[in-house]
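Here is a set of exercises to work through with the viewer open. Try each task yourself before reading the solution below it.

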Amino acid sequence: SCFYDTGLCPDDPCSNDTSCIVPCQLSIPLYTGWNMISSHCRPLNDSIEAIFRPIVSDIIQVKNLTGKVYIPAFNNFNNGLDFWDIESGYFVKTQATSLNIVGGQEVDLNVDNISMYPGWNLIAYWLKGDSEPEDVFDNVSGVIQVKDLAGGVYTPVFGFNTLNYMSETNGYLVKMYEADTLTYNAADIFP
């Protein structure tokens, strides 16, 4: 099988035309109820509606940290959550377990980074493997707390970690007391 961009190749997705093949693909598992997700693949078609179209019947709502929301069952209600922001995580509520595949260009860890601001941030996790939050945030000042959807918490000032590790396809809430930039390092991935 092949993964392709429907915007580029809607008629013959698995033809020999390699311009249709997407170099980065990521399967994001979604479980019934709330999920906090992210991707290290920058979608070629970054429309929120296009990204969730293959599983739209399972989606109750998609929202970001600032209150922008997409609700397919409410006549495709969307109050400004138009495009996927590769630096952000997203809250996704589903009515059934699903698998969403995001394809596009992989982020470049040598170039791309995530700006974080005072207060809460909902960030993407870009590493392709698990890592400890102590390693991920070791060069970031201003971190008060990192949280996952399950209630795991990493509080660096106290050396407290019930988050244990960070994982691919998950989004994370990060509370900052000052602005800083997160640069991921592939060397932080568990061996």
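## Getting oriented

Of the protein's 191 residues, 43% count as buried. Please keep in mind that this is a predicted model.

**Exercise 1.** Find out how many helices and strands the protein has, and what share of its contacts with a separation of 6 or more comes from residues 24 or more positions apart.

*Solution.* Start with the secondary structure: the protein has 2 helices and 15 strands. Next, turn to the contacts with a separation of 6 or more: 72% of them are accounted for by residues 24 or more positions apart. Finish with the surface, where the protein exposes about 9,800 Å². Carbon and sulfur atoms supply 49% of that area.

## The nonpolar core

**Exercise 2.** Work out which residues of the largest nonpolar core touch the most other members, and which elements give two or more residues to this core.

*Solution.* Begin with the members. The largest nonpolar core has 40 residues, and those touching the most other members are Phe 52, Met 116, Ile 123, Phe 137, Leu 182 and Tyr 184. Then ask where the core comes from. Helix H1 (48–52) gives two or more residues, and so do strands S1 (24–30), S4 (59–63), S7 (90–94), S9 (114–116), S10 (119–124), S11 (143–147) and S14 (171–176). Among these, S1 gives the most, with 4 residues.

Now zoom in on Phe 52. Setting aside neighbours within four places in sequence, Phe 52 is in contact with Ile 37, Ile 59, Val 62, Tyr 70, Trp 84, Val 92 and Asn 100.

## Strands and their partners

## Salt bridges

**Exercise 3.** How many salt bridges does a search of the whole structure find, and where do the residues of each pair lie?

*Solution.* The search finds 2 salt bridges. One joins the side chains of Arg 42 and Asp 112, at 2.9 Å from N to O. Arg 42 lies in strand S3 (residues 41–43) and Asp 112 in the loop between strand S8 (98–106) and S9, so this pair ties together parts that are 70 residues apart in sequence. With 32% relative accessibility, Arg 42 counts as partly exposed.

Lys 128 forms a salt bridge with Glu 106, and their closest N and O atoms are 3.1 Å apart. This pair links distant parts of the chain, with Lys 128 in the loop between S10 and helix H2 (133–136) and Glu 106 in strand S8, 22 residues apart. Lys 128 is partly exposed at 48% relative accessible area, and Glu 106 is partly exposed at 37%.

**Exercise 4.** Asn 75 and Thr 169 each have a positive phi. Decide for each residue whether it is buried or exposed.

*Solution.* Consider Asn 75, whose phi is near 55 degrees. Asn 75 is found in the loop between strand S5 (69–71) and strand S6 (77–78). Its relative accessible area is 74%; exposed means over 50%, so Asn 75 is exposed.

Now consider Thr 169, whose phi is near 80 degrees. Thr 169 is found in the loop between strand S13 (160–161) and S14. Its relative accessible area is 10%; buried means under 20%, so Thr 169 is buried.

Methods. Residues are numbered from 1 along each chain as its sequence is written. Side-chain values use heavy atoms; hydrogens and water are left out. A nonpolar core is a set of buried Ala, Val, Leu, Ile, Met, Phe, Trp, Tyr and Cys residues joined through side-chain atoms within 4.5 Å. Buried means under 20% relative accessible area, exposed over 50%, partly exposed in between (1.4 Å probe, protein chains only). Contact means heavy atoms within 4.5 Å. A salt bridge is a side-chain nitrogen of Lys or Arg within 4 Å of a carboxyl oxygen of Asp or Glu. Accessible areas come from the Shrake-Rupley method with a 1.4 Å probe; for residues, only the protein chains shown count as cover.
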